Amino acid sequence: MEYREIASKTYVEEQIKANPTIVSQKLTERALAEHFGVSRTTIRNALNDLAMEGYVFQAETDVEQHKIFEINMLKMSSFSEEVKKEDDIDINIKVLSNQIINMPAELRAFFGSNEKLIRIIRQRILNKTPLSYEITYLSSNKFKGLEQVDLNNVSLYQFLKEHYPVKPSHGREEITYELAAEDKAKYLQVIDGTPIYKVSSNNFDDNFQPFEHTEQYLVGNRFKYHLSAKNIFNYGEKNNEIV
Amino acid sequence: MKLFEKIADHLIEKINTGQYGVGSELPPEVQLQKDYDVSRTTVRKAIDLLVEKNMVVRKKGVGLFVAPMLSTQNILEMTGIIKPGTYQHHKKIIKEAYLRQAGLYYSQLLKIKPSELIYYISFLEIAKNSVVKEIFILPLNHFPDFQVSIIKVLSALEITNSGKKKVDKLEQDLQLIVANAELAKQLRCQINEPLFKVSNHYFDINSEPIAIEYKFASNTKYVVDFT
């Protein structure tokens, strides 16, 4: 196989990825160009491509507002609940509505019935900036009275665990993206057309009964999902490990 | 036992003893015909038998390969990993395959020296309604016998497992990014259009890095099954 030298733009990108603070140290394109011994155009193109790939270079003063959240999906739980796990950050959960609704046609197949559902619409907010907008549907038979509970700043999964006998057992998360519009753009406070994650999750209890469906929208450039799997070639055994 | 069965048995032995490793290319049928000094039909029948036993895959116009151990179905059934929502029949087109120095960034990720060589392989997976770009970063030292042709038959897990170290751990990241000019062109989308970037970092049982894989995909649904 042929050998190739690393192209200068690739070289700059990799140097910056390995040592991102260089950007704030050097501050200007000219200083970076001198430092790496390349042209300013190369620096500009490299920084531009890195930004498109989600690398954020901002002034130190505004770190909190630009923090990228890593959501760890190792254990099953609605991953919205994972966001708050970093204890130095203060994320508020605001309930926009919590009410009983008729079974929406598109959820009938999942819940396998025509029962009424509890629909909870929530926002997660960091320093007045929304991070997520989420709509959770729960079986009204399994979670009686939940629609009367004040769930502001309450971890929903924690609350369900403490107050109802339902044991979450397994589920599936589907991750897609879309461009923010209407209620999503409004509650995420982003302009129409901003890329956002859409995460749909279907969760089942230990009797294989469906109990929850959530649609969660997250601001695209604020989140990164992380997953870690061990013993990957013997995934049967791996499952035992998690239990 | 018929002659073609004997040849099939002999080939099976070579596969089972690892003489032909998973994903490696078998000699072309014409060569086998010469090696065993038999007719084309006999070789064909022997290979048919191996294909039937799921031990060999015939790739049209490419050649014969020792079949992967993991089927696509296995992978789609795995829990706890980020995986595509559905399997789409696709064609792989290799765009770049070369050796380069690891450089600072990959040397940190792969725990090797910046001057060590790595394979840089990029290819497109083209399906009916989607294009996925994949990049593999494989250190030469871990993959001394690497053949680019295995890219066409093996899953990512098996490619990364084909070297000296065996894969045990997978760390995955999923990010929403936007297409730059190069990605837009390759993935047939607009510049600034959103894309998923999946980064897979493979490690052995001692958490030593083995390889890195990146995927860039538009129009794709990823799923994670939990137990």
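In the predicted model, helix α1 of chain A, which spans residues 8-18, contains a run of buried residues, namely V12(A), E13(A), E14(A), Q15(A), I16(A), K17(A) and A18(A). The cover over these buried residues of α1(A) comes from both chains: it includes α2 (21-26), α3 (29-36) and α4 (40-52) of chain A, together with β4 (90-101) and α5 (103-110) of chain B.

Strands from both chains also meet in an open sheet of eight strands, which has the order β2(A)-β3(A)-β4(A)-β7(A)-β6(A)-β5(A)-β10(B)-β3(B) and is paired in the antiparallel sense. The edges of this sheet are formed by β2 (91-101) of chain A and by β3 (83-84) of chain B, each of which pairs on one side only. Between β2(A) and β3(A), the latter covering residues 117-126, the antiparallel pairing extends over ten bridges, and S97(A) is found opposite I121(A) of β3(A). Helix α7(A) lies across β3, β4, β5, β6 (195-205) and β7 (210-219) of chain A, and its direction makes an angle of about 30° with β4(A).

Because F143(A) lies in the loop between β4 (129-139) and α7 (156-163) of chain A, while Y164(A) lies in the loop between α7 and β5 (168-179) of that chain, the pair ties together parts that are 21 residues apart in sequence. Both partners are shielded: F143(A) counts as buried because its relative accessibility is 1%, and Y164(A) is buried with a relative accessible area of 13%. Elsewhere, ring pairs link residues of both chains into a cluster made up of Y177(A), Y197(A), Y225(A), F196(B) and Y222(B). In chain B, K169(B) is placed over the face of F203(B), at 5.5 Å from the ring centre.

The largest nonpolar core comprises 25 residues, of which I121(B), F136(B), L138(B), F146(B) and I159(B) touch the most other members. At least two residues of this core are supplied by each of β5 (117-127), β6 (131-139), α6 (156-160) and β9 (209-217) of chain B. When neighbours within four places in sequence are left aside, L138(B) is in contact with I118(B), Y119(B), I121(B), F143(B), F146(B), I159(B) and A211(B).

Terms used
Residues are numbered from 1 along each chain as its sequence is written. Chains are lettered from A and ligands numbered from 1 in the order in which they are written. This is a predicted model: local features need pLDDT of at least 70, side-chain atom pairs count only at pLDDT 80 or more; totals for chains, interfaces and linings use all residues. Side-chain values use heavy atoms; hydrogens and water are left out. Helices (H or I, at least four residues) and strands (E, at least two) are DSSP runs, numbered from the N terminus. Buried means under 20% relative accessible area, exposed over 50%, partly exposed in between (1.4 Å probe, protein chains only). Rings of Phe, Tyr and Trp (its six-membered ring) pair if their centres lie within 6.5 Å; planes under 30 degrees apart count as stacked, over 60 as edge-to-face and the rest as tilted. A charge sits over a ring if NZ of Lys or CZ of Arg is within 6 Å of the ring centre and within 35 degrees of the ring normal. Contact means heavy atoms within 4.5 Å. Two strands pair if DSSP finds at least two bridges between them. Axes are lines fitted to C-alpha atoms, for helices over the stretch in contact, and angles run from 0 to 180 degrees between N-to-C directions. A nonpolar core is a set of buried Ala, Val, Leu, Ile, Met, Phe, Trp, Tyr and Cys residues joined through side-chain atoms within 4.5 Å.
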